[in-house]
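Let's take a walk through a protein model together. Keep the picture open while you read, and look up each part as we get to it.

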Amino acid sequence: GRNSMHHAVWTAVVMMMMRRASGAMKHPVSTEATWGENPPAFGHDMLSEFDLADGYLNVNQGSYGSTPRRVREATQSLVLQIEANPDLWFRTGMTAPGAEPTVLTLLERSRAALAAYVNAATEDLAFVDNASHGISAVLRSMASYLTSSKKPRVLRLDLAYGEVQSALDTLDFSDPVYEVDTTDLLAARAAASVTTEDKTAAADFDAALVARVTDALDASGDVGFAVFSHITSVPALVLPVAELAAACRARGVLVLIDGAHAPGQIPLDVPGIGADFYVGNGHKHLFTSRGAAFLWTRPSAQPLVHPLVIDTLGDAGDFSPYERAFNYQGTTDDPTRYIAAVEALEWRAWISNGTDAAIMDHNSALARRACEMLAAAWNTTSLGQSPGDAPYALCNVQLPCDVVGRPACPDDLAGALFRRFNFYAPIFPIQGLGSWMRLTAQVYLDIDDFSIVAAAVLDALSTEQSASGADSTLAAAAAAAAATV
């Protein structure tokens with residue numbers, strides 16, 4: 001009956017998790033490891049480079065990241081240098097750049113490497129702790145600037161990340177924020193994915209979005225600043241930021257791009273986007289330690305922006321006022337993460353044999369394959385990984401609940417999956433099209449990991465269905481999925 005079916009699914013999932021864990025333990029990291037050795041292959045072999053716990057399945061790198069062991073150790077060694085002599089680090093290291101390596105020279109090395117990675121000039125890029133810190137620095141600066149402007153209003157999409165919305169709601173802008181509603185555009189794009197393999201759905205969405213923003217700018221006439229996500233959080237979609245920025249700049253509107261998810265996931269030419277400000281995280285897809293992000297600012301806009309913390313210790317050296325302002329923002333361990341960002345770039349070069357695109361190609365191909373497999377297992381559809389979409393590492397899949405003819409999704413399904421199966425994936429609604437799940441492909445995953453997700457979701461839903469006395473449709477589907485993964 002149902003109990004034996006549930007037991008079969010659970011046994012299958014546990015066995016898959018055990019196989020995954022045992023695969024990781026076959027490749028221990030030697031204490032004598034050097035950069036000269038051959039890197040592990042993409043997939044489960046790459047787990048040897050990370051500190052992920054056995055049995056934990058990280059299909060959510062897009063939220064909190066996972067730092068490679070070598071990058072973490074580089075960061076920790078810098079923290080130990082601080083502890084050995086705090087005065088040498090902060091007092092001398094931050095004020096006396098010269099031939100000998102100092103904190104400032106190490107920061108410059110890392111900043112230059114990161115700037116080159118995003119095709120930017122070093123002097124236009126500053127380190128910040130997180131994309132949220134960079135966004136708040138820009139928005140706080142704009143709040144005072146726009147107050148005296150003839151165009152004091154801010155425009156954003158309803159797809160903006162929650163932190164951006166909260167910051168705009170909290171800061172003292174003189175006029176209400178102009179929110180562009182994209183609900184119907186998103187629903188139309190998702191519906192196209194549901195009903196057809198239409199290769200033009202992404203292009204149609206992009207064109208309609210740019211047209212709607214352009215109409216909003218022209219209708220309002222008082223927008224002086226706009227903020228857009230490069231890759232939205234939920235659902236995860238790559239937006240046409242260059243076209244949006246061009247529409248804004250043609251109307252004298254300053255533009256901030258929230259690129260929290262972009263670095264390391266898609267190729268970046270930050271100046272080429274045409275925005276005035278761009279923020280990007282390192283910990284999500286670039287493999288830095290958490291707390292290493294960047295703010296790029298167009299030279300003409302640099303006098304307008306100031307960091308959240310103002311200090312003077314970074315004044316030494318031949319830096320512009322913009323660089324000096326961001327060089328030092330208080331007595332913290334933050335510079336250790338910034339300095340170690342170059343280690344993340346070197347680690348990427350090592351695992352990809354010097355071809356960064358190999359990482360992106362692996363992740364985007366795995367995300368697309370995972371989307372197809374999950375949609376087939378659940379008899380639903382995916383969004384953002386169709387043939388017309390640009391390659392990236394995130395995957396949105398419609399869940400087999402909250403859909404016409406299917407039962408409702410249980411409350412806190414994401415939490416229930418985390419507690420039972422030890423993986424977390426954000427779940428979110430799309431109007432008229434039920435609930436969806438966002439997953440992240442990464443170099444330490446393979447398709448079997450997403451098979452675990454497929455079976456686990458069906459098992460959780462069939463368990464809920466059985467408890468409510470409903471029919472056994474999902475239980476049968478769960479058993480079928482368990483037999484194929």
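Where pLDDT is low, the predicted coordinates should not be read in detail. For the protein, the mean pLDDT is 87, and 84% of its residues reach 70 or more.

Some ground rules, then. This is a predicted model, where local features need pLDDT of at least 70, side-chain atom pairs count only at pLDDT 80 or more, and totals for chains, interfaces and linings use all residues. Residues are numbered from 1 along each chain as its sequence is written, and side-chain values use heavy atoms, leaving out hydrogens and water.

Now find strand 4 (residues 223-229). Helices (H or I, at least four residues) and strands (E, at least two) are DSSP runs, numbered from the N terminus. Seven of the seven residues of strand 4 are buried, so the rest of the structure largely encloses it; buried means under 20% relative accessible area, exposed over 50%, and partly exposed in between (1.4 Å probe, protein chains only). Strands pair if DSSP finds at least two bridges between them. Strand 4 pairs with strand 2 (residues 153-157) in the parallel sense over four bridges, and Arg156 has Val227 in strand 4 as its bridge partner. Five bridges join strand 4 to strand 5 (residues 254-259), also running parallel, with Leu254 in strand 5 as the partner of Phe225.

Helix 14 (residues 341-351) is another enclosed piece: eight of its 11 residues are buried, so the rest of the structure largely surrounds it. Among them are Trp347, Arg348 and Trp350. The buried residues of helix 14 pack against helix 3 (69-84), helix 5 (103-117), strand 1 (125-128), helix 13 (334-339) and helix 15. Just after helix 14, Asn353 takes a positive phi of about 55°.

Finally, look at an open sheet of four strands, in the order 8-9-11-10 with antiparallel pairing. Strand 8 (382-383) and strand 10 (427-429) stand at the edges with a single partner strand each, so one side of each has no neighbour in the sheet. Three bridges join strand 10 to strand 11 (residues 435-440), and Ile427 has Met437 in strand 11 as its bridge partner.

Definitions and conventions
pLDDT is the predictor's confidence in each residue, from 0 to 100. Contact means heavy atoms within 4.5 Å.
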